[in-house]
Amino acid sequence: MYISPNFQHITGIASKLMYEDIEVLNTLYTHTTRRRIQGKINDWDKRDSLEFECDYKKRGSKEDKRACITVETTQDEEGYLLAFRDITEEYNLRQQIYGELQEAQRESQRTYICDFSRGGLNTRLYTLVSKPCSEATNIGSFIYCELCFDY
């Protein structure tokens, strides 16, 4: 098993400790995250690489971090290659952008007087105001035409 020196920088776990006890990885995750990771690995078909994101805590730190983990089988399918990347900054930026997008969508929503979405009809405020006016004009034209041509 090869463990990159960068792994210790990211996780706080020394490679020597990993060689002695692989279960030390479980100290990075909560119980719920461990179950979710195990479920993903169990469902993995091993034909393609498995990639997922998860929360973790660097050993000796209380700060929440985010990792992207990629697992692939070796060519002889006897072992695995695991890549563990810290994506905390990217994740935080994505969350910020997502929050700003949701806020912009909330601010740009139109005001509806009523919503008949089950029937496929959304009546907007400006439609309700302009439609009666145009119908009143049409009724007035119709009455005018009836009076002019009905002798």
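So, the largest pocket: about 900 Å³ of space lies in it. The idea behind the probe is simple: rolling one the size of a water molecule over the atoms shows where empty space is left.

Before I go on, a quick word on what you're looking at. This is a predicted model, where local features need pLDDT of at least 70 and side-chain atom pairs count only at pLDDT 80 or more, though totals for chains, interfaces and linings use all residues. Residues are numbered from 1 along each chain as its sequence is written, and side-chain values use heavy atoms, with hydrogens and water left out.

Okay, back to the pocket. Who lines it? There are 27 lining residues, and I22, L25, I69, V71 and L82 lie nearest the centre. Lining, by the way, means having an atom within 4 Å of a point. The elements giving two or more residues to that lining are α1 (5–11), α3 (31–43), β2 (64–73) and β3 (80–86). The largest share, 5 residues, comes from β3. When I say helix or strand, I mean DSSP runs numbered from the N terminus: H or I with at least four residues for helices, E with at least two for strands.

Let's zoom out for a second. The protein has 5 helices and 5 strands, and from the N terminus on they run α-α-α-β-β-β-α-β-β-α. Of its 151 residues, 19% count as buried. Buried means under 20% relative accessible area, exposed means over 50%, and partly exposed is in between, using a 1.4 Å probe and protein chains only.

Next up, salt bridges. That's a side-chain nitrogen of Lys or Arg within 4 Å of a carboxyl oxygen of Asp or Glu, and the count comes to 6. Take E53 and R94, whose side chains meet at 2.7 Å, N to O. E53 sits in strand β1 (residues 50–57) and R94 in helix α4 (residues 88–107), so this pair ties together parts that are 41 residues apart in sequence. E53 is partly exposed at 23%, and R94 is partly exposed too, at 38%.

Now compare E103 and R106, which form a salt bridge at 2.8 Å, N to O. Both lie in helix α4, 3 residues apart, about one turn of the helix.

D45 and R47 make another salt bridge, at 3.0 Å, N to O. D45 is partly exposed at 40%, whereas R47 is exposed at 70%. K46 has a positive phi of about 65° although it is not a glycine, and you'll find K46 in the loop between α3 and β1. E77 also has a positive phi, about 60°, without being a glycine; look for E77 in the loop between β2 and β3.

Last stop: two threonines. A polar atom of the T88 side chain lies 3.0 Å from the backbone nitrogen of R66. Leaving aside neighbours within four places in sequence, T88 is in contact (heavy atoms within 4.5 Å) with D64, K65 and R66.

T33, in helix α3, is buried at 10% as well. Beyond neighbours within four places in sequence, T33 is in contact with C54 and D55.

Notes: On a 1 Å grid over the protein atoms alone, a cavity is a set of points where a 1.4 Å probe fits but cannot get out, and a pocket is an open set with protein on both sides within 12 Å along at least five of seven lines; lining residues have an atom within 4 Å of a point. Grid points are joined across faces, edges and corners, and a volume is the space filled by probe spheres set on the points. A polar contact is a pair of N or O atoms within 3.5 Å; within protein, one must be able to donate a hydrogen and the other to accept it, and residues adjacent in sequence count only if both atoms are side-chain atoms.
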